[in-house]
Amino acid sequence: MGHSAPVWDYRAATEITKDWNGIDQVVLRNPKGASARISLHGGQVCSWRNEQGEELLFTSSKAIFKAPKAMRGGIPICFPQFGSCGSPEQHGFVKNKIWTIDENPPPLCSNDIDACSFVDLLYRSSEEDLKFWPYSFELRLRVSLLPCGDLVLRSRVRNVNGKPFGFSFAYHTHLVVSDISEVRIEGLETLDFLDNLCQKERFTEQGDAITFESEVDRVYVSTPNVVAVLDHERKRTYVIRKEGLPDVVVWNPWEKKSKAMVDFGDEEYKQMLCVNGAALESPIMLRPGEEWTGKLQLTVVPSSFSLDL
């Protein structure tokens, strides 16, 4: 007589702890030992570890872990803007706010039910927010850890305002790499990009892949839904899959800018690369009652992986 497989209890795999500022954090785990940690400060994913316990998201050793500033690293949620145009705060204000756990979220589509563990977070605009961005909204975030160890973020923005509004959005994803000079990005070749180091002038990518030998701050537009970051020294590849996010931001501050940032180590640019699923070039427009959804899925595979677009 066969034995039935044990049923994985996703609630038991979800733990709530507190950081050193007393702010709640949610820890997700899967049966193989992978984990993710999400702070209610900003709804920010602070950690993502594989089943060997290796950290896959970069956090600066000089990061400031104190509200209202967002921590330098992980995956901050950038809304209603990315960059410094729009609301007064760089990359928007929700990353600096305290979110709540959403105990009764609206249902998601069926292909999101594969998670071993997940948490639903919610941020609703406040009276204070309306003073500098005069639109009411609800921003929901589900962070899921899949059986294979993949990390999935799905965001939903709903207009609960009486008038339309437009916004930009980005998952500001800081990846750990072994050596930035040994890293390449595939999937963005031949595409147009806006170069933030040249007043957002538009260029076309000429290389077979993106490699790094100086500061890079670009927005690639109309990108495919799959992009790969190959780390040759570690012999592993990050595969970034996205939905509802047509653009990709690629950023590394290099040496000079690293030394100018108080919450970033002088040499840490060598072990960090930001590759962000985003919607930036064309603002997302929502009429009253409408909802937008964006999704990011991060996978780590051996570097024998072949990007098939």
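Reply: Happy to. A disulfide is a pair of cysteine sulfur atoms within 2.5 Å. Keep in mind that this is a predicted model.

Me: With that cut-off in hand, how many disulfides does a search of the whole structure find?

Reply: The search finds 0 disulfides. Take cysteine 274: the closest cysteine sulfur, in cysteine 78, is 9.3 Å from its own sulfur, so the two are too far apart for a bond.

Me: Is cysteine 274 buried or exposed? And what about cysteine 198?

Reply: Buried means under 20% relative accessible area, and exposed means over 50%. Cysteine 274 has 0% relative accessibility, so it counts as buried. Cysteine 198 has 29%, so it counts as partly exposed.

Me: Now the strands. How do strands of a sheet pair?

Reply: They pair through backbone hydrogen bonds, in either a parallel or an antiparallel way. Here, strand 1 (residues 14-18) pairs with strand 2 (residues 24-29) in the antiparallel sense, over 5 bridges. Within that pair, threonine 14 has leucine 28 as its bridge partner. The hairpin has 5 residues between the strands, and glycine 22 there takes a positive phi near 80°.

Me: In what order do the strands of the open sheet run?

Reply: The 8 strands follow the order 6-7-8-9-20-17-16-12, with antiparallel pairing. Strand 6 (100-101) and strand 12 (183-186) are the edge strands, each pairing on one side only. Inside that order, strand 8 (residues 137-145) and strand 9 (residues 151-159) are joined in the antiparallel sense by 9 bridges. Leucine 141 stands opposite serine 155 of strand 9.

Me: What does serine 136 touch, beyond residues up to four places away in sequence?

Reply: First place it: serine 136 sits in the loop between helix 1 (127-130) and strand 8. Its contacts include Ser125, Leu130, Arg158, Asn159 and Phe165. Serine 136 and glycine 162 are 26 residues apart in sequence, with 8.2 Å between their C-alpha atoms.

Me: Which side chain does glutamate 205 join through a polar contact?

Reply: That of arginine 218, at 3.1 Å. Leaving aside neighbours within four places in sequence, the residues in contact with glutamate 205 also include Leu188, Phe193, Ile210 and Tyr220.

Key: Residues are numbered from 1 along each chain as its sequence is written. This is a predicted model: local features need pLDDT of at least 70, side-chain atom pairs count only at pLDDT 80 or more; totals for chains, interfaces and linings use all residues. Side-chain values use heavy atoms; hydrogens and water are left out. Two strands pair if DSSP finds at least two bridges between them. Helices (H or I, at least four residues) and strands (E, at least two) are DSSP runs, numbered from the N terminus. A polar contact is a pair of N or O atoms within 3.5 Å; within protein, one must be able to donate a hydrogen and the other to accept it, and residues adjacent in sequence count only if both atoms are side-chain atoms. Contact means heavy atoms within 4.5 Å. Buried means under 20% relative accessible area, exposed over 50%, partly exposed in between (1.4 Å probe, protein chains only).
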